[in-house]
Amino acid sequence: MLQLSGVSYRYAGYSNEVLHDIDLRLDDGEIIGLVGPNEAGKSTLCLVASGLAPASIGGSLRGSLTLDGVPAAGLATHKLAERVVIGFQNPNTQRSGIAATVFEEIALGPMNLGLPVAETVERTRAAIARLRLDDLIRRDPQRLSGGQAQLVGIASLLAMQPRHVILDEPTAQLDPAGTRLVGEALRALATTGTSLLIAEHKTDLLDGLCSRIIAIDGGRIVLDGPTATVFDDPRLAALGVEPPARARLARALGDRGLEGSIVEDALAGAAS
Amino acid sequence: MIAGVAGRLVRISALLTLPIAISVILVSVFTRAGTHVLFTIGPFDATTEGVDFAGQTLVRLFAISTSIGLFGLTTEPRSFVLDLERRGLSPRFAFVALATLEAVPAMVERANIIASAQRARGLDTEGSVRARLRGLLPLAGPVVLSSLTEVEERSLALEVRAFGKPGRRELLWRMPDSTAQLAVRAILVLALIAAIGGRITNTFPRLP
């Protein structure tokens with residue numbers, strides 16, 4: 001379980017806090033979606049939840065982050081990495097810059113953990129299979145498209161097999177097929193007990209993936225609840241967050257006197 | 001390998017040696033004191049001793065540049081650094097060495113992208129020398145600044161992947177090392193010891 005209790009955070013060199021009194025509990029196997037307008041504090045919340053802020057980037061934090069009951073404060077970054085990982089939006093910065101092939105790039109994390117070669121290879125192969133990257137394993141990581149690089153970046157995190165995964169717009173550069181692929185991989189990951197916090201503008205992805213949605217604005221949690229409840233909440237649109245197609249369609253039908261549940265039934269039928 | 005490398009090696013070594021060789025020849029031939037004057041140009045005498053000294057210095061310079069050139073032509077830098085790490089080099093040092101090598105093509109690629117973007121906005125990057133110089137600042141600024149801003153996120157991404165974990169890593173990759181290569185290395189080490197021993201005991205004639 002990953003827990004933030006009463007967390008407020010201020011970047012180094014700034015006088016104002018960008019997160020205010022955040023309480024967030026991420027249970028094992030749970031997937032929480034994080035939405036909000038630009039500059040709402042989503043990326044900062046991801047950095048704080050990963051333990052990198054303030055441990056690596058400085059700044060000051062009030063409140064606490066605990067990982068499986070262990071306070072993150074004072075943990076060395078490599079100890080943090082064994083428990084929680086974070087994926088950034090820009091796949092170019094996710095790349096190590098020292099691996100000659102995609103396989104080596106994905107294997108870097110397990111290798112750094114000091115695992116035996118056989119286990120490193122096994123974890124790497126599993127991550128590659130999960131994101132169907134077999135065709136890329138011999139490619140130079142610097143010569144990938146944005147979408148391919150993003151998938152490789154996510155695979156690099158999955159190969160670490162952490163208990164908690166934080167993803168900051170993991171599908172920003174992916175096409176619909178790539179987005180679905182990532183969604184499937186993350187869902188499968190959650191079934192192994194890994195908890196996920198995903199900051200994402202693509203609410204359609206979160207709608208089918210998350211059990212709970214948190215909306216933040218101005219560094220504060222303004223909506224927090226089951227996915228359908230938050231996405232059906234009219235206040236979401238006022239934040240500048242576009243609800244998923246399902247919710248918009250259901251609302252449009254409701255406005256015309258039709259049953260919104262028709263959409264749910266149709267979607268359930270399409271899924272089966 | 002020898003056929004493929006020998007020609008390039010001689011060319012590279014000659015090019016590496018040439019700038020220093022010219023000054024060595026001029027300085028040694030015309031300023032070295034000697035008793036046998038070959039010819040005179042103004043106040044300078046070219047002496048046999050000067051020619052002899054210049055010749056010996058050039059041989060040494062060529063030997064040094066050939067060894068550096070041979071290393072560069074036959075050794076893939078990435079393999080070299082990773083093999084050093086396998087033999088005990090700190091992973092941090094290996095990363096710095098490799099990242100430096102990888103940074104150059106990445107910077108070139110970034111510069112090309114930014115140059116294209118600036119050209120699309122009307123920046124003249126292909127006109128006169130003056131126009132190109134004027135266009136340098138709008139190009140260099142974004143290249144340097146974007147590289148710097150990426151550094152922090154890149155270092156965070158490495159930390160997330162446990163790069164800071166102390167101790168050795170088990171590398172996936174092993175450099176092929178045949179018995180013949182081992183034997184050649186042993187012979188070279190013995191030859192080096194013999195050369196040093198010979199020099200100390202004056203078995204070989206000492207160069208002036």
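How many residues does the contact take from chain A, and how many from chain B? The contact takes 32 residues from chain A and 24 residues from chain B, two residues being in contact if their C-beta atoms, placed from the backbone, lie within 7 Å. The model is predicted: local features need pLDDT of at least 70, side-chain atom pairs count only at pLDDT 80 or more, and totals for chains, interfaces and linings use all residues. Residues are numbered from 1 along each chain as its sequence is written, while chains are lettered from A and ligands numbered from 1 in the order in which they are written.

On the side of chain A that touches chain B, at least two residues each come from helix H3 (77-83), strand E6 (84-87), helix H4 (91-94), helix H5 (102-112) and helix H6 (117-130) of chain A. Helices (H or I, at least four residues) and strands (E, at least two) are DSSP runs, numbered from the N terminus. H5(A) gives the most to this side, with 6 residues.

Val102(A) is found in helix H5 of chain A. Val102(A) counts as buried because it has 28 C-beta neighbours inside 10 Å; the criterion is 20 or more other C-beta atoms within 10 Å of a residue's own, with C-beta atoms placed from the backbone. Leaving aside neighbours within four places in sequence, Val102(A) is in contact with Leu133(A), Leu136(A), Ile137(A), Arg139(A), Pro141(A) and Val152(A).

Strand E6 of chain A also belongs to an open sheet of 6 strands, ordered E6-E7-E8-E3-E9-E10 with mixed pairing; two strands pair if DSSP finds at least two bridges between them. E6 and strand E10 (220-226) of chain A stand at the edges, each with a single partner strand, so one side of each is left without a neighbour in the sheet. Within the sheet, strand E3 (residues 31-35) and strand E9 (residues 212-217) of chain A run parallel and are joined by 4 bridges. Arg212(A) in E9(A) is the bridge partner of Ile32(A).

In chain B, helix H3 (residues 77-86) and helix H4 (residues 91-120) pack at an angle of about 175°, with their axes 9 Å apart. Axes are lines fitted to C-alpha atoms, for helices over the stretch in contact, and angles run from 0 to 180 degrees between N-to-C directions. H3(B) and H4(B) are therefore roughly antiparallel to each other, the term for angles over 145 degrees. H3(B) contributes Pro77(B), Arg78(B), Val81(B), Leu82(B), Leu84(B) and Glu85(B) to the contact, and H4(B) contributes Pro91(B), Ala94(B), Ala97(B), Leu98(B) and Leu101(B).

Conventions: Angles under 35 degrees count as roughly parallel, over 145 as roughly antiparallel, 65 to 115 as roughly perpendicular and the rest as oblique. A residue is buried if 20 or more other C-beta atoms lie within 10 Å of its own, exposed if 12 or fewer, and partly exposed in between; C-beta atoms are placed from the backbone.
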